[in-house]
Amino acid sequence: VLERVSLTMDPGTVTALIGPSGCGKSTFLRILNRMHELVRGASLAGRVLVDDADIYDPSQRPTEVRRRIGMVFQKPNPFPAMSIYDNVASGLKLAGVKVADKDDVVEISLRRAGLWNEVSRRLRAPGGGLSGGQQQRLCIARALAVTPDVLLMDEPCSALDPTSTRRIEDTIAELHDQVTIVIVTHNMQQAARVSQKCAFFLATDRTPGYIVEAGPTEQMFNAPADPRTADYVHGRFG
């Protein structure tokens, strides 16, 4: 699916992965927290370094890797029968994280996800009763509850209306200096708005996915080194 992919994602920044469908962006994202290992027969060669430690080293436990490197999926996936409160707290239980004040962690996580003001008076209401955009921010809060170093987002706004999309983007802007964010998006305007770095992926009928170029977002959109990048970001293909 991918070959010869090498990318540095700076801490405290948002890196956007862009490119046509089927070029390996989501696969690359799943490699970053070992989720691809859940696919039967999947294999990998290479390293993924976080703070100079390879997350694929035999000494690294996948559950701990996924606590440090959280993920938000394309479709919001809160536990529908659980309350809003329990949805956020469930991340702590699943990760085996013990905290002195669970109420405080839930509130802080919902505030960081930009959802607290909307749900603070109905924390015991089912998470599945929220709107799509609110559910996505609830999933972000659940991921943030375990204080990850990195947050992966796989097209988090693709199923949302423009208003909900704007709120998710505002949340990303508020979070990026607190947690490193890597986002897959097909929306070029969104990539330009929310990210500081971009990586352009491409694949052909004859070659697996690879990175054509990567660099500061402004440069990638205004003065890319490769003409294929210019064609893609300006909508001439893809």
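Tutor: Start with axes: they are lines fitted to C-alpha atoms, for helices over the stretch in contact, and angles run from 0 to 180 degrees between N-to-C directions. Helices (H or I, at least four residues) and strands (E, at least two) are DSSP runs, numbered from the N terminus. This is a predicted model, where local features need pLDDT of at least 70, side-chain atom pairs count only at pLDDT 80 or more, and totals for chains, interfaces and linings use all residues. Residues are numbered from 1 along each chain as its sequence is written, and side-chain values use heavy atoms, with hydrogens and water left out.

Student: At roughly what angle do the axes of α3 and α4 cross?

Tutor: Helix α3 (residues 84-95) and helix α4 (residues 102-112) cross at roughly 105°, and their axes come within 10 Å. Angles under 35 degrees count as roughly parallel, over 145 as roughly antiparallel, 65 to 115 as roughly perpendicular and the rest as oblique. The two helices α3 and α4 are therefore roughly perpendicular to each other.

Student: Which residues in α3 and α4 meet?

Tutor: Contact means heavy atoms within 4.5 Å. From α3 come Ile84, Tyr85, Val88, Ala89 and Leu92; they meet Lys102, Asp103, Val105, Val106, Ser109 and Leu110 in α4. For classes, Ala, Val, Leu, Ile, Met, Phe, Trp, Tyr, Cys and Pro count as nonpolar, Asp, Glu, Lys and Arg as charged, and the others, Gly among them, as polar. The contact of α3 with α4 has eight nonpolar, one polar and two charged residues.

Student: Is Gln136 buried or exposed?

Tutor: Buried means under 20% relative accessible area, exposed over 50%, partly exposed in between (1.4 Å probe, protein chains only). Gln136 lies in helix α6 (residues 132-144). Gln136 has 0% relative accessibility, so it counts as buried. Leaving aside neighbours within four places in sequence, Gln136 is in contact with Val72, Phe73, Gln74, Pro76, Pro156, Leu160 and Ile168.

Student: Where is Pro208 found?

Tutor: Pro208 sits in the loop between β7 (197-202) and β8 (210-216). Its relative accessible area is 30%, so Pro208 is partly exposed. Beyond its neighbours within four places in sequence, Pro208 is in contact with Val1, Leu2, Glu3, Leu202 and Ala203.

Student: How is empty space found?

Tutor: Rolling a probe the size of a water molecule over the atoms shows where empty space is left. On a 1 Å grid over the protein atoms alone, a cavity is a set of points where a 1.4 Å probe fits but cannot get out, and a pocket is an open set with protein on both sides within 12 Å along at least five of seven lines; lining residues have an atom within 4 Å of a point. Grid points are joined across faces, edges and corners, and a volume is the space filled by probe spheres set on the points. The count here comes to one cavity of 30 Å³ or more. The largest cavity is lined by Ala53, Ile55, Gln60, Val65, Arg68 and Ile69.

Student: What volume has the largest pocket?

Tutor: About 950 Å³. Its lining has 34 residues, of which Phe28, Ile31, Leu32, Arg47 and Val48 lie nearest the centre. The largest share of that lining, three residues, comes from α1.

Student: Which element gives the most to the lining of the second largest pocket?

Tutor: α3, with four residues. The second largest pocket holds about 570 Å³ of space.
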